[in-house]
Amino acid sequence: MILTFSRDEFVEKIKNGTKTHTIREDKGNRWKVGKTIHFWRGNPRNVKNNPYQFGTGKVADYAFIEIYPKINEVIISYISDTNGVFFMILNTPSELNILAESDGFEDWEDMKTFFREDFKGKLIFWYDFKPTK
């Protein structure tokens with residue numbers, strides 16, 4: 001599956017391991033554990049912006065995420081086949097900053113410039129990242 005990124009700094013943070021996940025809509029429920037990921041800077045369908053593939057990896061896991069930027073709250077829920085449901089509410093500055101930084105943003109305030117409205121989707125984790133040559 002193609003995973004596109006619009007910020008140059010995300011490419012470097014994925015390569016150096018500081019961006020460990022991404023947040024995406026998944027209306028078709030396409031993101032599944034084990035799927036191959038093709039990491040792209042820019043959309044390969046929009047050639048005028050010089051897109052390029054910078055790596056591959058695999059989906060390690062995912063959780064459901066709800067982002068409420070106006071009230072500074074994030075809800076993460078994870079359903080495990082063996083351990084039931086894990087549910088977490090992030091609403092302190094340190095919790096929100098940790099999430100934002102591990103998603104490649106400078107901090108929660110920076111992340112809120114991207115997620116300006118309420119959002120529901122998936123928090124997708126990867127492993128086995130290999131840069132393309």
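Colleague: Which residues form the nonpolar patch on the surface?

Modeller: Keep in mind that this is a predicted model. The patch is made up of Phe 64, Ile 79, Val 85, Phe 87 and Ile 89, and together they have about 500 Å² of accessible area.

Colleague: Which strand gives the largest share of that patch?

Modeller: That would be strand β6, residues 84-90, which supplies three residues.

Colleague: And Phe 87, is it buried or exposed?

Modeller: Phe 87 sits in strand β6. Its relative accessible area is 53%, and since exposed means over 50%, Phe 87 counts as exposed.

Colleague: What does β6 pair with, and in which sense?

Modeller: With strand β5, residues 73-80, in the antiparallel sense, over seven bridges. The two strands form a hairpin, with three residues between them.

Colleague: Which residue in β6 stands opposite Val 74?

Modeller: Leu 90 does.

Colleague: Let's switch to helix α2. Which of its residues are buried?

Modeller: Leu 96, Leu 99, Ala 100 and Ser 102. The cover over them includes β2 (21-24), β4 (52-68), β5, β6, α3 (108-114) and β7 (119-131).

Colleague: Why would residues three or four places apart in an α-helix point the same way?

Modeller: An α-helix has 3.6 residues a turn, so residues with that spacing end up pointing the same way.

Colleague: Back to Ser 102. What does its side chain make a polar contact with?

Modeller: Ser 102 is in helix α2, which covers residues 93-102. Its side chain has a polar contact of 2.7 Å with the side chain of His 21. There's also the backbone oxygen of Leu 99, 3.1 Å from a polar atom of the Ser 102 side chain.

Colleague: Which residues does Ser 102 touch, leaving out those up to four places away in sequence?

Modeller: Thr 18, Lys 19, Thr 20 and His 21.

Colleague: What about Gly 104, what's its phi?

Modeller: Gly 104 follows α2, and its phi is positive, near 100°.

Colleague: New topic: how many salt bridges does the count come to?

Modeller: The count comes to nine. One of them joins the side chains of Asp 103 and Lys 19, at 3.2 Å from N to O.

Colleague: Where do Asp 103 and Lys 19 lie?

Modeller: Asp 103 is in the loop between α2 and α3, while Lys 19 is in the loop between α1 and β2, so the pair ties together parts that are 84 residues apart in sequence.

Colleague: Are those two buried or exposed?

Modeller: Asp 103 is buried, and Lys 19 is buried as well.

Colleague: What does Arg 41 meet in a salt bridge?

Modeller: Its side chain meets that of Asp 8, at 2.7 Å from N to O. That pair links distant parts of the chain: Arg 41 belongs to strand β3 (residues 36-41) and Asp 8 to helix α1 (residues 8-15), 33 residues apart. Asp 8 is partly exposed, at 48% relative accessibility.

Colleague: And which residue does Asp 128 meet in a salt bridge?

Modeller: Lys 130, at 2.6 Å from N to O. Asp 128 has a relative accessible area of 40%, which makes it partly exposed. Lys 130 is partly exposed too, at 42%.

Colleague: Which residues are linked in a network of salt bridges?

Modeller: Arg 7, Glu 9 and Asp 110.

Colleague: Last one: where is Phe 114?

Modeller: Phe 114 is in helix α3, and it is partly exposed, with a relative accessible area of 48%.

Technical notes: Residues are numbered from 1 along each chain as its sequence is written. This is a predicted model: local features need pLDDT of at least 70, side-chain atom pairs count only at pLDDT 80 or more; totals for chains, interfaces and linings use all residues. Side-chain values use heavy atoms; hydrogens and water are left out. Patches are made of residues with over 30% relative accessible area and no salt bridge: like charges are joined within 9 Å, nonpolar side chains (Val, Leu, Ile, Met, Phe, Trp, Tyr) within 5 Å. Accessible areas come from the Shrake-Rupley method with a 1.4 Å probe; for residues, only the protein chains shown count as cover. A salt bridge is a side-chain nitrogen of Lys or Arg within 4 Å of a carboxyl oxygen of Asp or Glu. Helices (H or I, at least four residues) and strands (E, at least two) are DSSP runs, numbered from the N terminus. Buried means under 20% relative accessible area, exposed over 50%, partly exposed in between (1.4 Å probe, protein chains only). Two strands pair if DSSP finds at least two bridges between them. A polar contact is a pair of N or O atoms within 3.5 Å; within protein, one must be able to donate a hydrogen and the other to accept it, and residues adjacent in sequence count only if both atoms are side-chain atoms. Contact means heavy atoms within 4.5 Å.
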